[in-house]
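The sequence and the model are shown first.

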Amino acid sequence: MKKALLLGDEAIAQAALDAGISGVYAYPGTPSTEIATYIQNSQQAKDGKVHSIWSANEKTAMETAIGMSYAGKRALCCMKHVGLNVAMDPFVNSAITGANGGLVYLIADDPSMHSSQDEQDSRALAKFAFIPCFEPSNQQEAYDMMFDAFDLSEKMQIPVMMRITTRLAHSRAGVTRCEPRKQNDVKLHPNPKQFILLPAIARKQYNELLEKQPALETASENSKYNVYTDGSDRSLGIIACGLAYNYLMENYQDEPCKHPILKVSQYPLPRKAIEKITKECKEILVIEDGYPVYEEFLKGYLNQGPAVKGRLDGTLPRVGELNPNIVAKALGMPATRGEDVPALVVSRPPSLCKGCPHIDTYKALNEVMEERGKGKVFADIGCYTLGALPPYNAIYACVDMGASITMAKGASDAGSLPAVAVIGDSTFTHSGMTGLLDCVIEKTNVTIIIVDNSTTGMTGGQISHAYGRLEHICEGLGVEKEHIRIVTPLPKNHAEIVNILKEEIAYQGVSVVIPRRECIQTIGRSKTYN
């Protein structure tokens with residue numbers, strides 16, 4: 001039994017290694033990135049030959065993890081919440097195929113959108129797919145749950161989700177480790193048709209998935225992570241989910257809570273415990289970090305039984321992260337846990353790093369677009385999204401990974417010209433290549449700027465799948481070689497970049513401009529740029 005001070009992400013990674021995984025499949029995305037990074041740097045993983053190379057995107061990551069499960073070994077698949085949108089096809093269908101080796105999907109949600117486009121709550125998607133979900137309330141629970149998640153996956157032959165949020169992912173606590181387990185041997189499932197989702201087979205498998213639901217509910221009823229604590233004052237009962245339980249208990253460090261509390265960290269909801277607290281208490285406060293998923297569920301269409309309070313009625317704020325003070329106010333207690341930010345502390349908006357190659361690209365692009373009107377440049381997810389902010393104000397759209405090229409194509413199809421897309425090298429191989437293929441097939445009048453800083457810069461400098469092969473990918477997709485232009489974004493090359501952009505924007509077809517210079521954050525470590 002060893003103890004270590006670990007981030008929540010690190011506790012999950014170490015638990016997965018100790019639980020006997022043979023592979024982790026992931027695409028970097030805050031707040032989940034550190035899980036795969038920890039495994040990549042782990043000597044334990046190297047000794048066990050645990051696969052840990054980044055995948056091209058979340059869909060390929062999940063499908064590969066399903067393949068490892070198919071072969072009988074344990075696999076962990078990690079992504080942030082919006083990444084799960086990319087992987088929804090295999091996510092939903094894998095619940096129907098079931099699992100062979102243990103298969104755990106670690107989904108990191110981001111309430112308050114610290115580094116994301118939305119606040120979506122992945123618990124709703126676990127419920128949608130009919131798979132069980134674990135939601136740890138602290139780092140030790142996150143570590144322990146990983147073992148139980150793999151065990152439940154293999155026992156019930158089903159993928160399991162573990163849902164965490166930013167605060168748990170990026171805060172540290174002492175974690176006591178268990179004895180590591182051996183990796184599974186390769187072993188195929190006794191049902192050779194399990195993973196063949198032809199309609200006739202899928203219908204049978206779907207019925208089997210539904211038949212598993214009572215057993216999954218029973219597992220939640222008996223889970224050590226779902227705990228009912230009685231209280232003397234039943235005017236209010238509290239249901240606290242996952243990390244929100246910690247926010248609640250921080251308000252009761254000096255004295256016990258007088259109200260009954262149901263801590264929920266494993267789903268589906270433990271029905272008997274829910275029935276007990278709702279029958280005994282006059283009102284129910286549901287504290288959950290994210291969407292009011294289970295508050296809405298408890299209210300039901302007829303809103304019978306005790307009044308249910310939470311995010312929907314304004315007792316808790318509808319958006320953003322929870323914290324101990326917010327919970328205290330909901331309980332009618334003084335908000336004294338932590339101090340407010342002093343007025344003299346002014347938030348600093350994010351900005352491109354000094355020396356960032358994207359700066360020189362945007363300066364040239366702005367000069368070229370000055371005569372052509374605003375609203376013509378579509379961008380994507382990455383550091384370069386900051387080109388939307390002053391002093392550049394260079395881009396006008398950013399929706400999701402890969403959308404820059406397809407949105408520019410749609411604008412071009414509508415006759416809004418010129419249509420320019422700005423996308424990063426890693427985002428391009430994640431989900432931009434298919435959009436470029438659409439443009440090539442239709443000979444769309446569009447200019448695509450692939451800002452190549454040779455890394456996945458926004459999430460810590462992971463190696464991009466495009467490294468060393470970007471222009472070859474574009475040529476292979478059908479872009480004419482003479483309209484694939486490579487430039488070096490430096491102040492001394494400003495006039496050259498402007499002229500090349502003008503030439504390619506004037507071209508009536510698909511053109512690609514690749515400003516290539518290594519990320520200023522990785523250059524000091526690699527020493528590859530001269």
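## Basis of the model

The model is predicted; local features need pLDDT of at least 70 and side-chain atom pairs count only at pLDDT 80 or more, while totals for chains, interfaces and linings use all residues. Residues are numbered from 1 along each chain as its sequence is written, and side-chain values use heavy atoms, with hydrogens and water left out.

## Aromatic pairs

Rings of Phe, Tyr and Trp (its six-membered ring) are paired if their centres lie within 6.5 Å; planes under 30 degrees apart count as stacked, over 60 as edge-to-face and the rest as tilted. A search of the whole structure finds eight aromatic pairs. One of them, F91 with Y105, is tilted, at 5.7 Å centre to centre and 50 degrees between the planes. Because F91 belongs to helix α6 (residues 88–97) and Y105 to strand β4 (residues 103–109), the pair ties together parts that are 14 residues apart in sequence. Helices (H or I, at least four residues) and strands (E, at least two) are DSSP runs, numbered from the N terminus. Both F91 and Y105 are buried; buried means under 20% relative accessible area, exposed over 50%, and partly exposed in between (1.4 Å probe, protein chains only).

The ring centres of F134 and Y225 lie 6.1 Å apart with the planes at 80 degrees, so this pair is edge-to-face. It links distant parts of the chain, 91 residues apart: F134 is in strand β5 (residues 133–134), and Y225 is in the loop between α10 (199–221) and β8 (227–229). F134 counts as buried at 1% relative accessibility, and Y225 counts as buried at 4%. Elsewhere, ring pairs link Y267, Y294 and F297 into a cluster.

## Nonpolar cores

A nonpolar core is a set of buried Ala, Val, Leu, Ile, Met, Phe, Trp, Tyr and Cys residues joined through side-chain atoms within 4.5 Å. The largest has 100 residues, of which L76 and F91 touch the most other members. Helix α8 (residues 139–156) gives the most to this core, with nine residues.

Apart from neighbours within four places in sequence, F91 is in contact (heavy atoms within 4.5 Å) with M62, L84, Y105, L125, A126, A129, I131 and M161. A second, separate core of 49 residues includes I405, I449, A466 and L501.

## Pocket and cavity

On a 1 Å grid over the protein atoms alone, a cavity is a set of points where a 1.4 Å probe fits but cannot get out, and a pocket is an open set with protein on both sides within 12 Å along at least five of seven lines; lining residues have an atom within 4 Å of a point. Grid points are joined across faces, edges and corners, and a volume is the space filled by probe spheres set on the points.

The second largest pocket has a volume of about 600 Å³. Its lining comprises 24 residues, of which K127, L269, R271, F297 and L298 lie nearest its centre. Helices α7 (123–129), α10, α12 (271–280) and α13 (293–299) each supply at least two residues of this lining.

There is one cavity of 30 Å³ or more. The largest cavity holds about 50 Å³ of space. Twelve residues line the largest cavity, and Y27, S55, S426, I463 and H465 are the closest to its centre.

## Helix α1

Eleven of the eleven residues of helix α1 (residues 8–18) are buried, so the helix is largely enclosed by the rest of the structure. After α1 comes G20, whose phi is positive, near 95 degrees.
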